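The following note collects points on the model shown below. Each point may be checked against the coordinates.

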Amino acid sequence: HRKSRTFLLVTVLFGASLVIGDGVLTPPMSVLSSFSGLQVHSTALTSGEVEILSCTVLVCLFMVQHWGTHRVAFLFAPVVIVWLLLLGALGVYNIVVWNPRVLRALSPYYLVRFFQHTGKDGWISLGGILLSMTGTEAMYADLGHFTAASIRVAFVGLIYPCLVLQYMGQAAFLSKSPHCDIHFVFFESIPTGIFWPVLVIATLAAIVGSQAVISATFSIVRQCTALGCFPRVKIVHTSRRIHGQIYSPEINWILMLLCIAVTMGLRDTTLIGNAYGMACAGVMLVTTLLMALVIVFVWQYSCLVAALFLVAFGVVEAVYLSAALMKVPQGGWLPLVLSLVFVAVMYVWHYGTRRKHQFDVQNKVSLRWIHALGPSLGIVRVPGIGIIYSELATGVPAIFSHFVTNLPAFHQVLVFICVKAVPVPHVRDEERHLVGRIGPREFRMYRCVVRHGYKDVLAEDTDFENDLVLRIAEFVQMEADFDQRCSISDDGVVASVEVEGRMAVVPRPSDLARTGLLMREPGEEESVVARAAAAAKPESLIHSMHTMHEAESPGFASRRRVRFEVANQHTDPRVKEELSALVEAKHAGVAYIMGHSYIKARKSSSVFKKFAVNVAYAFLRKNCRGPGLVLNIPHISLIEVGMIYYV
């Protein structure tokens, strides 16, 4: 049902927004908590100075993000292990020294007595008790790098016992020191001789925990972008060896500003803790609700199993969330406001993108119209390859007819490229590219669909043009072989079996013999000869201008220059003619044509739709990265064609 799908989408976006809000609250909470311990042994240190010191560390943390974590990642595990063992050891020390009877608290009997004696106040205190487990969920951000079993073993075997011992040690200390400052009970319970080493390790652990959540925020924003639910941002690989270590400059600086604003605005770890607990409780409950749907629709279990799962986990998390809601006036409002802002941005972007795609589907050019134009398409076919980027995996986009109607000339070879995110985490490299043909062979029109999962990152490809030519050449060979096998009927008569819309998975050719092309890199002498030959042609001015612009364009310096030649082993003259036309067009140059479309709401639309499309979506589209930057298209070869869509 349409409304249920919309509700599900908003729920998922709200959960993702809470995770992003978690990425805003975790660094201030962790760093500010660790530095607040300085006030235990330095009474002259004011709260303002602690905030300035925390903001300094946060700025440094975000400024080094673009270098990546792979250079210091080997320190993360030792720091966390030492920190956890230290927590456990301090807990055991406080239990032995102050009150060994606290071990009796492991009995559920005292849990029941606690709520019997405290009543409503005990229920409200669950919002603070929730903070004892928050932060542990950050380790699940590393599910892309570690197995689920290893994370379970680490949590059950190390994290959980150390945390329980630490909190029992604090309880033992409080039972004998009732007049200590409850806000600094952890630092108060540390023996004086090891206070400063513990403070250093606590600060390092806070930085590591903050780094994990920041990386998780980069990851979830990238996945939302791949699924069309977040404006396009720049994604940079920070490691050549480890897949998934990424960095987004825009998200990084936005997170930094928000973290500093939270630190300087709330100033109190209690208020930040209330906000932090609200975000974590919301993430837990939304995850549980969505997990119930996964159990039914993905794992194909019965609704009874999903209901039992909801009862077992959802009820407990709902109780914690209800307690956290009581802290909304005391800082709990912050993650709700942040989430609503992010949900609004993500929903408006998704709505505008979806309406634009629907317009493209409904107004795509019919193949009958293209067939009626003939091989020349009714226009002048100029030398070169025209790569037309489209969001359509089938059909010809309206931007093509708009272009040729206003400028009746196009390239000798046309390739429609569609970069499509599919709803799976990863797509194998050998299954990534689909290549097909549009219209008859004489039209020289092809289609290439580049598929990637929502966890795949589109790395910069400096050899894209050469790679595309090789894939098209291999497709031509595959098609010719298939036609040769299928075109001979039972009586030996050759029949034509060209099938339009036929596409094939074409991996990168490992053997050039399969493509029918020869490839070699031109030497210095050949480059001089080529430039001299180009200067002797009538269009030498165009060649010289193109060469000058290439020299000024930084992207062309890293691009691989090769020359293609058609091999002589072809027996099918049609294949040889088509490959010759492809090579000739490649040597003439490659141009990228991309639609620069604007969508506007119709005059009969509601006020809400007009604001969402004409104001909010237009603002996001204007200020996000264009598809040309996201797809690493060289600026010198980019042609943008403007269109206005009324939706």
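1. Gln 412 is placed in strand E4, residues 409-422 (helices, H or I of at least four residues, and strands, E of at least two, are DSSP runs numbered from the N terminus). The residue is buried because its relative accessible area is 19%, where buried means under 20%, exposed over 50% and partly exposed in between, with a 1.4 Å probe and protein chains only. Beyond its neighbours within four places in sequence, Gln 412 is in contact with Arg 381, Val 382, Pro 383, Gly 384, Arg 444, Ala 581, Glu 584 and Ala 585; contact means heavy atoms within 4.5 Å.

2. On provenance, this is a predicted model, in which local features need pLDDT of at least 70 and side-chain atom pairs count only at pLDDT 80 or more, while totals for chains, interfaces and linings use all residues. Residues are numbered from 1 along each chain as its sequence is written, and side-chain values use heavy atoms, with hydrogens and water left out.

3. For the chain as a whole, the secondary structure comes to 21 helices and 11 strands. Of the 647 residues, 43% are buried. Among contacts with a separation of 6 or more, 80% are between residues 24 or more positions apart. The accessible surface is about 33,700 Å², and carbon and sulfur atoms contribute 66% of that area (Shrake-Rupley method with a 1.4 Å probe; for residues, only the protein chains shown count as cover).

4. An unreviewed UniProt entry annotates residues 1-21 as "signal peptide"; UniProt positions are given in the numbering used here, feature names are shortened, and annotations may be inferred rather than shown by experiment. In the model, the chain over residues 1-21 is 95% helix and 0% strand, with its end C-alpha atoms 30 Å apart.

5. How do the axes of helix H1 and helix H9 cross? The axes of H1 (residues 2-36) and H9 (residues 195-226) come within 9 Å and cross at roughly 165 degrees, the axes being lines fitted to C-alpha atoms, for helices over the stretch in contact, with angles from 0 to 180 degrees between N-to-C directions. H1 and H9 are therefore roughly antiparallel (over 145 degrees; under 35 counts as roughly parallel, 65 to 115 as roughly perpendicular and the rest as oblique). Residues of H1 that meet H9 include Ala 16, Gly 23, Pro 27 and Phe 35.

6. Ser 210 lies in H9 and counts as buried, at 0% relative accessibility. Setting aside residues up to four places away in sequence, Ser 210 touches Thr 26, Pro 27, Ser 30, Val 31 and Leu 61.

7. Gln 300, in the loop between H11 and H12, has phi near 65 degrees, a positive value in a residue other than glycine; Gln 300 is exposed, with a relative accessible area of 59%. Arg 267, in the loop between helix H10 (249-266) and H11, also has a positive phi, near 65 degrees.

8. Arg 520 lies in strand E8, residues 517-520, and is partly exposed at 37% relative accessibility. Its C-alpha atom is separated by 6.8 Å from that of Phe 564, 44 residues apart along the chain.
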